Amino acid sequence: MKEDEDLELAALQRQLDDAFETTRPRASFEDELWLKMQSRRPFWARLRDVLTGLVDGVREAPAVPATAVAVLLVVAISIGVIRLSGLGPGGGGGGTSLATREGGDSQFNGQPGPFGRLPAPALQAGVVPVDGQTAPKASSAPGLGSAAIYFGPAKLEWAGQLSVQVTSAPVFRYVEPSMASADQFATSLGASPQAAQREGPGILGSYAGDGFTLSVRASTQAPSGEPFYVLILSTPPSTKGTTAMEIANAYLTAHSLVPAWPKVVAFVQSGDVTRVLYLRQFSVPSLGNAYVIDGLGARYGLEVDIKGGAVQSLAGPLPLNLDSADYPVITAEEAVRSALASSQAGPGTITPTPTVRLTTAELVYALAWAGDHSFYEPAFLFSGTFTYNGTTYVKRILVPAVVPSQRSS
Amino acid sequence: MLAERPPFEDLYRQFLGRIYAYVRAQVASSADAEDITAQVFMNAYQAYGRFEARNTTPAAWLFRIARNATLDHFRAHGRRERLRRTIEHEPVAGEDPAGMAEERIQYRALLVHVARLPERQRDAISLRHSGLSFEEVGALMSCSEDAAKMLYHRALKALRESVREETS
């Protein structure tokens, strides 16, 4: 009897195995979803080109070639809100300097700056789909266009112009937030902890509120990432406004989530979802605003997805208090030399080694992880493109801007 | 040192079907399953830079996201109503006949029985037959490996009774 029962259960297990094994989405779903996902991430690669050189003023984006994902319009709205206090989300550039702005490598007479010697920010291959043994794959998704990021070795040439008018730039530091900080942020949004879901790696807290869930993550080392939150709405909120930006702004304002840092607003349309991007910047005295970039060299910030006239989800940096201190920066000539001499150990290798003409360079801010505290540091982002087997690749080089004597790595 | 992370696309191609099947076993329509699966991979893609392979397997990480997304779905849409439709075999508004035709439905009846199980039993069955070890199932369900085994076997017996009742 017992044996019959065991056999019956074993047969049921086999049926379950088969049931789960054969239950699959419709054939086109895999590629459709992948395309949709690609449209949410690598658009930065194209958007970056659109925004290159755009720090001040307003410019209409050039049309992107026919793709499933169209960058509709990029409107630069430099909102000069610069503050360092933790009032409201985010912290910003500018503000009180801890060091006297004297400029040059002699600023601290060889002594470490106010934050000590700094770790160097760096690009990291991250999630770029590449083949470690052969040439990197360009995504087949039409939404990507024909560009892919190449992290492998290349012979570099400089064919652009770089002028650095400053001798120092602020470095921003934050202390890694605690779970209590995440709880406080969640409470401010009316969310309560879901205790059972807190044990995940890097998770500061998972929360649920009226019609939404919230996840708060800690900083990560590789690729460097600041603490961030993801808010997903299960019940579309009643929103004011007719345009995506009005809807996003209304929601952010109502929930005190409007970024306090300088930002440029951009829009991306993907299917029936409009993404409103608040690209983060830091203010550099005498220079203007500089974008914050991620480990791929792409600009980022707060993202608000709008669907059906309502906010669907948000993801962005967790509001944090920032301290700032001025550090001396290298000259343009030194930056170019460093870029051309940089080692390029990355996944994906094209043979023969391609020659890349770096044509653009800009001062950006990149995160350098340092454990219980991390830094947003100035850096020079060089960029150029090359073509291999009919595919256009983007090559990026990041050169830390803080002088070597003030760096620990 | 951090454990090496595979390219996200590899994870996506490897786990999409399994995640979909896991979700599909719990929701009433293929459309819902697609929506949730899409949300799972969107969230995973966004968070992948922060995924630490040394702390968990990609499978456990993805299924955790899937489990949370499914729970969110039920919270948002009312599990009771959807379950009622499933049990009564009512068509769900908006179900795409073409989509249903495309879906492999050979074992749909069995998965309907799975969907009727109590939440934790349903979860144990779905996670286990999506390819997770009992250790991973236990970790996801906040219980020990042994407790996950016991829960699974209770769920299996309950499923057998459910199937028997319908066929008798």
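A residue is termed buried if 20 or more other C-beta atoms lie within 10 Å of its own, exposed if 12 or fewer, and partly exposed in between, with C-beta atoms placed from the backbone. Helix H7 spans residues 119-128 of chain B and is mostly covered, with seven of its ten residues buried. Helices (H or I, at least four residues) and strands (E, at least two) are DSSP runs, numbered from the N terminus. The structure is a predicted model, in which local features need pLDDT of at least 70 and side-chain atom pairs count only at pLDDT 80 or more, while totals for chains, interfaces and linings use all residues. Residues are numbered from 1 along each chain as its sequence is written, and chains are lettered from A and ligands numbered from 1 in the order in which they are written.

The model scores ipTM 0.80 and pTM 0.56. For chain B the mean pLDDT (the predictor's confidence in each residue, from 0 to 100) is 78, and 77% of the residues score at least 70. A contact requires that the C-beta atoms of two residues, placed from the backbone, lie within 7 Å. Where pLDDT is low, the predicted coordinates should not be read in detail.

Chain B contains nine helices and zero strands, in the sequence pattern α-α-α-α-α-α-α-α-α. Of its 168 residues, 46% are buried. Among its contacts between residues at least 6 apart in sequence, 72% join residues at least 24 apart. In the loop between helix H8 (134-140) and helix H9 (145-167) of chain B lies Ser142(B), a residue other than glycine with a positive phi near 60°. Ser142(B) counts as exposed, with 12 C-beta neighbours inside 10 Å.

Chain A has six helices and 17 strands. Buried residues make up 48% of its 409 residues, and residues 24 or more positions apart account for 68% of its contacts with a separation of 6 or more. In helix H4 (residues 179-188) of chain A, Ser181(A), Ala182(A), Phe185(A) and Ala186(A) are buried. Seen down the axis of H4(A), these buried residues fall within an arc of 140°, so they line one face of the helix; the arc is that of the directions from the helix axis to the C-beta atoms. An α-helix has 3.6 residues a turn, so residues three or four places apart point the same way. The cover over the buried residues of H4(A) includes strands E5 (192-193), E6 (203-209), E7 (212-217) and E8 (228-233) of chain A. Just after H4(A), Gly190(A) takes a positive phi of about 85°.

Several of these covering strands are paired with one another, pairing being assigned if DSSP finds at least two bridges between two strands. E5(A) and E6(A) are antiparallel and share two bridges, with Pro193(A) opposite Tyr207(A). Six bridges link E6(A) to E7(A), again in the antiparallel sense, and Ile203(A) stands opposite Arg217(A). E6(A) and E7(A) form a hairpin with two residues between the strands, in which Gly211(A) has a positive phi near 85°. Elsewhere in chain A, strand E4 (residues 168-175) runs antiparallel to E14(A), joined by six bridges, and Phe172(A) faces Ser324(A) across this pair. Strand E14 (residues 323-328) is mostly covered, with five of its six residues buried. Ser286(A), in the loop between strand E10 (273-284) and strand E11 (288-293) of chain A, has a positive phi of about 70° although it is not a glycine. Ser286(A) is exposed, with 11 other C-beta atoms within 10 Å.

A nonpolar core is a set of buried Ala, Val, Leu, Ile, Met, Phe, Trp, Tyr and Cys residues joined through C-beta atoms within 7 Å. The largest such core has 87 residues, and Ala248(A), Ala339(A), Val364(A) and Phe380(A) have the most contacts inside it. Strand E15 (residues 355-369) of chain A gives the most to this core, with nine residues. Apart from it lies another core, of 55 residues, among them Tyr12(B), Trp61(B), Ile125(B) and Ala148(B). Not counting residues up to four places away in sequence, Phe380(A) touches Ala335(A), Ala339(A), Ala361(A), Leu363(A), Val399(A) and Ala401(A).
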